[in-house]
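Visitor: Please take me through a single part of this structure up close. I would like to see how that part sits among its neighbours.

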Amino acid sequence: MLEVVDISVAYDGQSVLQGLSFTLDNDELLMLVGPTGCGKTTVLRAIAGLVDLEAGEVRTRDWQATARLNIAPDERRLGMVFQDFALFPHLSVADNVAFKVKNPALADHWIDLLGLADKRQQKPALLSGGEKQRVALARTLAHEPRLVLLDEPLSNLDEALKDELRWVIRDSLKEAGVPAIWVTHDQAEALSVGDRLGVLRGGVLEQLDTAQECFANPATPFVAAFLGEASFVPGHGDSLDAFAETELGVVPISQRLTGALRVLFRPDDLCMESADETNASVLWARYEGTCWLYGAELDSGIHVQLRVNHEERYAVGERVKLIARTGESLAVFPSSERP
């Protein structure tokens, strides 16, 4: 269990985190995302005791740290996993994992569980990037931490390896029954792996919820745009019905708003067809294998993105008809709110 209560952190008088609060259950995995410089890594450093708090407190069942009472990092029973692996180059896999471990059986357990048994005597220089990260994770879990902090652990790996290893890490954390905070800039990673997702902007937590809720019902236009392709189309809402009129058609919306608003369309919420009556022009096309991602400009000047099957082809500059095709309620924002 971790509780972060209204913490603030500043570097050289410049505020980095402002009134940040959240809790973490006993085996919960929280993903933290946000643009560069938003404070993601500072959250980890504040929890680990590597930077001082200006206000607020961080507490677990073992310790409580405040702006006036700091707890040394080595007394917090935390494990940290970094993007650069931080292995001892002169030690074997087995010796890296067992370094200062009180119970050698735990080192053996995690070496076996993470598929490193045949690499026990190898030095880090002979390992792949994925194997190095498995060693770093095994070393962390062998110390029986009460909390694990992961700072972009997969950023140095290729895409195919990332997809495999993200699930290895998640499964290992669940096996250990330990809560964890995972900082990432990879949106696919953030949306798929964690139990909850936190989106930071300028040191403020804009939304903390399940990944599904953050994606489908973003709290702000910024969250909507940061978590995937987002098109905001003007519309008009009627408070009596949860629908909005837009130039793409009448669509169901997530809340009853009256008057001018903006409707969030994801690429899969739209379809495109050739027709006599058109309302848009194709601006660009990107091939994605199983589908095409198109950018189009509506006659009103609004730009939108949509995906179509790879067998459907449209030329740049072609006049087309765009239609809303969603059966689910779409997120909406007042016209005054911008990303």
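Predicted model: local features only at pLDDT ≥ 70, side-chain atom pairs only at ≥ 80, totals over all residues.

Guide: The volume of the largest pocket is about 670 Å³. It has 22 lining residues, and the closest to its centre are Arg 77, Leu 78, Gly 79, Thr 140 and His 143. Strand E6 (78-82) and H4 each give the lining at least two residues. E6 supplies the largest share, with four residues.

Now follow H4, helix 129-142, to another helix. H4 is among the elements that cover the buried residues of H5. H5 runs over residues 159-176 and has 18 residues. From first C-alpha to last it reaches 26 Å, close to the 26 Å expected at 1.5 Å a residue.

Look at both ends of H5. At the N-terminal end, Asp 158 is the cap. One of its side-chain oxygens lies 3.3 Å from the backbone nitrogen of Ala 160. After H5 comes Gly 177, with a positive phi near 65 degrees.

Next, the buried residues. In H5 they are Lys 162, Leu 165, Arg 166, Val 168, Ile 169, Arg 170, Ser 172 and Leu 173. Keep the helix rule in mind here. An α-helix has 3.6 residues a turn, so residues three or four places apart point the same way. What lies over the buried residues of H5? The cover includes strands E3 (29-33), E7 (147-151) and E8 (180-183). Helices H3 (104-113) and H6 (187-193) are also part of that cover, along with H4.

Terms used: Residues numbered from 1 in each chain as written. Heavy atoms only, no water. Expected span 1.5 Å × (residues − 1). Buried < 20%, exposed > 50% of the residue type's maximum accessible area, 1.4 Å probe, protein only. Contact = heavy atoms within 4.5 Å. Polar contact = N/O pair within 3.5 Å; in protein donor to acceptor, adjacent residues only side chain to side chain. 1 Å grid on protein atoms, 1.4 Å probe; cavity = no way out; pocket = protein on both sides within 12 Å on 5 of 7 lines; lining within 4 Å. Points joined across faces, edges and corners; volume = space filled by probe spheres on them.
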